[in-house]
Amino acid sequence: MKNALTIYRKELRSYFVSPIAYLLLLMFALIFGFFFWNSLGYFVFIGMESQMRGQPMPMNINEQIIRPLLSNISVVGLFFIPMITMRLFAEEKRSGTIELLVTSPVRDIEVILGKWLAACSLYASMLLVTFLNFGFLFKYGNPDWKPLLIGYLGLLLQAGALLAVGTFISTLTKNQIIAGAATFAICLLLWVVGWVGDYETAMWATVLSYMSVVTHFESFAKGVLDTKDAVFYVALIFLGLFFTARSMESLRWRS
Amino acid sequence: MIIVEELTKRYARNTAVDHISFRVEKGQIVGFLGPNGAGKTTTMRMLTCFMPPTSGSASIAGLDVLEHPMKVKKHIGYLPETPPLYPEMATGEYLQFVGRLKGLSGGELKKRVDYVCERCSVADVRHKLIGKLSKGYRQRVGLAQAIIHNPDVLILDEPTAGLDPKQINETRDLIKSLAGDHTILLSTHILPEVEQTCQQVIIINKGKLVATDSVQNLQNRARGAVSVLVEVASRSGPLDFSMVQKQLEQVAGVSRVLYRGSNSGFSSFEVESEKSFSRGDVARSIVNAGWDLNELRPAAISLEEVFLQLTKSEEKPPLEAAELAGVPA
């Protein structure tokens, strides 16, 4: 696994020497900040209104700010995943450096793990920056921090699953744009398939809505660690990485 | 060091490498020659465990490429046609990364990086980003990358492609200097390169092995008959070249004399022989006849001609078949 660490360090470094990482951090922080400000504003508005009516409503920061905020972010994440994974293998294939990796005494799985973990780390650092927002909540209010942490764990798991899918798609082409666009399409699809469950109750609809990566996030947003949902994400991670390994192997037979 | 037996790579529609067998002994530099698309890169990729062969076997340092790919990879340094470089990394950092991938660490890694930087003269660009380096430097960084783990076997795919003449010379010298410690298999389609750097040549065409021999033997083989070029001048007026022809034909061992034309008073002839003859006899016969001997040199056939002859003969059969098909029965 020492080799995985070597690959991991190299990948993380190349994210952070190029503008990609900073651009993603900035955009994510901006969008997160906007959503935060928005839910906070709405929370304050509801509070004022209920006071004006003279009948105070139960107010809860966790339920009314953090939960909708995290739900929104779980969707926003879908738009950022392709930008993180698109270059992982496509770039190596285009520039020919894949030959170096494949002809070095390194196992495929070490290369894949190193790359995927680097992608996860970039996403994690994007999430880390957003903690700043919650600083205000803790300073002026007293939200419960445990559901918040579980929510973040959910965001990481969800991103890990989608990043594994994105890594797989990146092995299929030499073209970063194609890898990015295809990953984006798959991410969107994995979100919207859940919608059929809203009006259809047949077996196939249940299966489809079970496949939605956003539906499985609902329990995490509530601050509930549901094994069923965690297992879904972990299974998707394994599936994505397994297909990546297969694809990397077939690269040798095809090229 | 490298043993290849009946190596074959078949794709859906074509056969890129067709039952190739050869051996490379330890410490040799071997040129792997063939026109573009002959299957050089494919063969090299099979040797470096980049892709598995369809059939046949190859072994490096006694290890089969299919059975022990991990061990084989440790014994091989590989420079693909486009050096596998990361433009966003600095040279030293890149070499460290590759060294780690190849299993080096700690003080040994540092020592090897220093050594290869010195050896491939890239020490002065150690802290420069690879993306900013010139083509010659990149090629050298590519070579440095290939020898970082001190491999027994070096496989270089067109190491001088796209370099200017000075860089080509430098790269060649570098490769030659590496020969003692490493066994080198280098592919190219530039012939003088093989003549200058390699001891042995393997020629392939359309996936098939055409010849494998030493450079010297190949030249001799293609030459068949021995021949020399002679340039003669006369002091007294114009030279009667039929006289010269007659005179030369009398020399023992000469089978044929061809007139090759005249230029500013000098006439050239090609003297051919089935077996051999003394060049001294030729010279004496000319001088005794009262002519001036301006030049006398063996008509060395360059590897280029050998190569063209060998690869051309392979192309003929389909052409004849087409001609036959065109003839109405």
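A salt bridge is a side-chain nitrogen of Lys or Arg within 4 Å of a carboxyl oxygen of Asp or Glu. The model is predicted, so local features need pLDDT of at least 70 and side-chain atom pairs count only at pLDDT 80 or more, while totals for chains, interfaces and linings use all residues. Residues are numbered from 1 along each chain as its sequence is written, chains are lettered from A, and side-chain values use heavy atoms, without hydrogens and water.

**View 1. Salt bridges between chain A and chain B.** Two salt bridges are counted between chain A and chain B. In one formed by Arg13(A) and Glu93(B), the closest N and O atoms are 2.3 Å apart.

**View 2. The interface of chain A and chain B.** Contact (heavy atoms within 4.5 Å) involves 27 residues of chain A and 29 residues of chain B. The buried area, which is the accessible area (1.4 Å probe) that two parts lose on being put together, summed over both, is about 2600 Å². Carbon and sulfur atoms give 61% of this area. Of the area that chain A buries against chain B, 25% comes from Glu99(A), Leu100(A) and Pro105(A), more than from any other three residues.

**View 3. The two domains of chain B.** Domain bounds come from an automatic or database domain assignment. For chain B, that assignment gives domain 1 (2-221) and domain 2 (224-298). The centres of domain 1 of chain B and domain 2 of chain B, taken over C-alpha atoms, are separated by 46 Å.
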